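Hello,

Here is the structure I promised to pass on. My notes follow below it.

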Amino acid sequence: MNIGVLSMYYGRGYGVGYSVKKEVEELVKRGHNIFLISNQINFNNKKINLLKKYNFKISKIPLLNILLLKKNLNKILLNVKKNNIDIYYINSLEFGLINFKLFDNCPIVYFARSTIKGIENNKSKEYWIDRIKRKFIVPFLNFLEKRCIKFSSKIIVKSNKMRQELISYYNVNNSKIEVITGGIDYSDFPHMNKQEIYQFKSGINISNKDKIILFVGRIMPVKGIDYLIYSFYNVLKFIPNSKLLLVGGSMLSHYDRKMIKLVKKLHIQESVDFIGLVPQEIIYKYYNICDVVVVPSTYEPFGMVCLQTVIFKKPLVCSNVVGALDYINSYPLLKIVSPYSAKELAEALKIVLLDENFFLSNLKFNLKILNWSEVAKRLEDIFFKVMQEKQYLILK
């Protein structure tokens, strides 16, 4: 197949960008030609038949930004379609800007990592400036999302939670939705020996005696970071040598500043470190040195971080809204808490870090069935099925 892959975040971050990169790599191994459209500039994967990459300039005028992006996307798609594309795989709602007539009835599969309504209905409080901005941005994003849903033959989600969300919020027919989980590549997450762990800790000024609580993800309201910080404030009263590492970039700079101000207000800045965005290639080092990983999200359609935590057999504290619980709910080192509750988070963290019996669980648990090869095989099957159905409708 000639597959047009449209992804704004290809290879970026720890969730959707990483996932689509692994899917593309596996599809290439299966003999398919991939024509990738993305605004990511640095592509290191020589195995991909990369037709086009693009980058759009950031304008201080939002409307101009949208117009430039729309123009660039339509122009690029005109070039891509010359390659006899069999199917398009859209991974970002921003591609709702494209004039869908340019797809020439070529079938489209849309990956919905979340929904705008889901994010808006489940987030914690934003910084007031961000709240004002989103009053203008959210309706537009919702419009783009509806277009992607409308013009797609199939919609792929990573959890049953997300399936129900699409049905509930957008009245999508259940038969139009396919659930394909995220995968695991153990080679991306190697285990470090004691000496390597010690050296890495020393390099970031962490003592071997410190208890490390790790958060990995975007710094944004739905990630529940404010509740995590309040819970950590209480944990410090019982475990003064604990450290909170927040790894991830900020999508809303003012919310980021609000969290930094909260840490200062609680006078715990010596124990909290905003690491920032860490390249996927070295994120494994932080998993290796931590004592527990926390996913305190108020909204989390899947949560690749949960699968990655299991790879290292580390304790995991996560809220009960996490979609990945479909696959890890029997993980022995798992503590599930309610979202929006700093108190429950603190109690769970204290149990994980202080109760020695917690670590005596039988760890004969693996997720090897969730491999990227199987994910690609399921994608391939769906692509062929969509193409056959589309061809049938055209002939009919």
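The chain has an accessible surface of about 18900 Å², and 52% of that belongs to carbon and sulfur atoms. Areas come from the Shrake-Rupley method with a 1.4 Å probe, and for residues only the protein chains shown count as cover.

Two notes on the source. This is a predicted model, where local features need pLDDT of at least 70, side-chain atom pairs count only at pLDDT 80 or more, and totals for chains, interfaces and linings use all residues. Residues are numbered from 1 along each chain as its sequence is written, and side-chain values use heavy atoms, with hydrogens and water left out.

Overall picture. Of the 396 residues in the chain, 56% are buried (under 20% relative accessible area; exposed is over 50%, partly exposed in between; 1.4 Å probe, protein chains only). The chain holds 13 helices and twelve strands (DSSP runs numbered from the N terminus: H or I of at least four residues for helices, E of at least two for strands). Take the contacts between residues at least 6 apart in sequence: 70% of them join residues at least 24 apart. Contact means heavy atoms within 4.5 Å.

The sheet. Six strands form an open sheet, in the order β2-β1-β3-β4-β5-β6, with parallel pairing. Strands count as paired if DSSP finds at least two bridges between them. β2 (33–37) and β6 (177–179) are at the edges; each has a single partner strand, so one side of each lacks a neighbour in the sheet. From one strand to the next, the twist averages 25 degrees. β4 and β5 (residues 154–157) run parallel and are joined by three bridges. Phe111 sits opposite Ile156 in β5. Helix α5 (residues 160–170) packs on the sheet and touches β5 and β6. The direction of α5 makes about 165 degrees with that of β6 (axes are lines fitted to C-alpha atoms, for helices over the stretch in contact; angles run from 0 to 180 degrees between N-to-C directions).

Ser92. This residue is in the loop between β3 (87–90) and β4 (108–111). Ser92 counts as buried because its relative accessibility is 3%. Leaving out residues up to four places away in sequence, Ser92 touches Leu6, Ser7, Met8, Tyr9, Tyr110 and Cys148.

Ile132. This residue belongs to helix α4 (residues 128–151). Its relative accessibility is 45%, so Ile132 counts as partly exposed.

Best regards
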